Amino acid sequence: MANNKELGIDFNNTTSNIEKSTDTIEETPEMKSNIITDIIEAGKCFHERITSIKEDFINKANELKNKGSEWGIDVSEQIIKKIEESYHLNDMIIKEYKITLLENEINAHNEKIKIAEKKLDELYQNYHETKKKIEEFQGDMNDALAEVDHLSA
Amino acid sequence: MKLEQFKEKINNINFSKETLVVINSILDRAIKKKEITDEEKKDLSELIKLEIEAAGIYADSIKEFSQALENYKEELN
């Protein structure tokens, strides 16, 4: 898994530039340009990361196809659909930024960041809830699995 | 655990529909003949393990997506 350093992106610098934009009343065209460049880079990095996550887990899900074939079932299909949904939710955030950057207005951009951050928070919260449900589901299945050897008519 | 009781328990777990159809057919056959063979128990175990594995893949993908989101959010702040 590539970290930020391996990807050659200095996010500390990105943060520093964004902070400057909020502290200063008037940004120079150069500063605006730098902020946009940094955000585009962060967006590219995020897009690459989520695409890599999607492909990795879809490959893992596809490996289950053979395991279910003995019973004529494909448990991978449902999982792949869910992974694709998660990917598209993430991708939506990137699109939100692209629209803003095309407008090339820092003030408008700052407003959009607030909207996107709210969406991001909701999505993050949703992930935690989903993960909790999956863990409960896995617990129930493990209980059922433990019962199989003790089944009687 | 009795077969009927087990079937009820299994149907209250959020299995995929396809897997549940196969599990129910094994259990219905066992209930009808009033016995369950080791082979049928093995099939049930493997089917449940398959679902656990699938749920594990989804849970891991959720974890990775949320970590990527968290990193992205930190970068924008």
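Helices (H or I, at least four residues) and strands (E, at least two) are DSSP runs, numbered from the N terminus. With that in hand, open the viewer and select Lys34(B), which sits in the loop between H2 and H3 of chain B. Lys34(B) is not a glycine, yet its phi is positive, about 60°. Lys34(B) counts as exposed because it has 9 C-beta neighbours inside 10 Å; a residue is buried with 20 or more other C-beta atoms within 10 Å of its own, exposed with 12 or fewer, and partly exposed in between, the C-beta atoms being placed from the backbone.

Before you go on, some housekeeping. This is a predicted model, in which local features need pLDDT of at least 70 and side-chain atom pairs count only at pLDDT 80 or more, while totals for chains, interfaces and linings use all residues. Residues are numbered from 1 along each chain as its sequence is written, and chains are lettered from A and ligands numbered from 1 in the order in which they are written.

**Stop 1: two helices of chain B**

Select residues 3-11 (H1) and 17-33 (H2) of chain B: these helices pack at an angle of about 170°, with axes 10 Å apart. Axes here are lines fitted to C-alpha atoms, for helices over the stretch in contact, and angles run from 0 to 180 degrees between N-to-C directions.

Now show the side chains where they meet. On H1(B), look for residues including Leu3(B), Phe6(B) and Ile10(B); on H2(B), the partners include Leu20(B), Ile23(B) and Leu27(B). Contact means that the C-beta atoms of two residues, placed from the backbone, lie within 7 Å.

**Stop 2: the core**

Next, select Ala61(A), Ile79(A), Ile23(B), Ala54(B) and Tyr58(B), which touch the most other members of the largest nonpolar core, a set of 42 residues. Such a core is made of buried Ala, Val, Leu, Ile, Met, Phe, Trp, Tyr and Cys residues joined through C-beta atoms within 7 Å. Which helix supplies the largest share of this core? H3(B) does, with 13 residues. Then centre on Ala54(B): leaving aside neighbours within four places in sequence, Ala54(B) is in contact with Leu64(A), Val75(A) and Ile79(A).

**Stop 3: where the chains meet**

Colour by chain. The contact takes 50 residues from chain A and 46 residues from chain B. On the side of chain A that touches chain B, H5(A) gives the most, with 20 residues.

**Stop 4: chain A by itself**

Chain A has five helices and zero strands, and 24% of its 153 residues count as buried.

Select Gly139(A) in helix H5 of chain A. Is Gly139(A) buried or exposed? Gly139(A) is exposed, with 12 other C-beta atoms within 10 Å.

**Last stop: confidence**

The average for chain A is 76, and 73% of the residues score at least 70. Among its elements, H2(A) has the highest mean pLDDT (87) and H1(A) the lowest (44). Finish at residues 1-21 of chain A, where pLDDT stays under 50 and the model has 23 contacts beyond four places in sequence.

Note on methods
pLDDT = per-residue confidence, 0-100.
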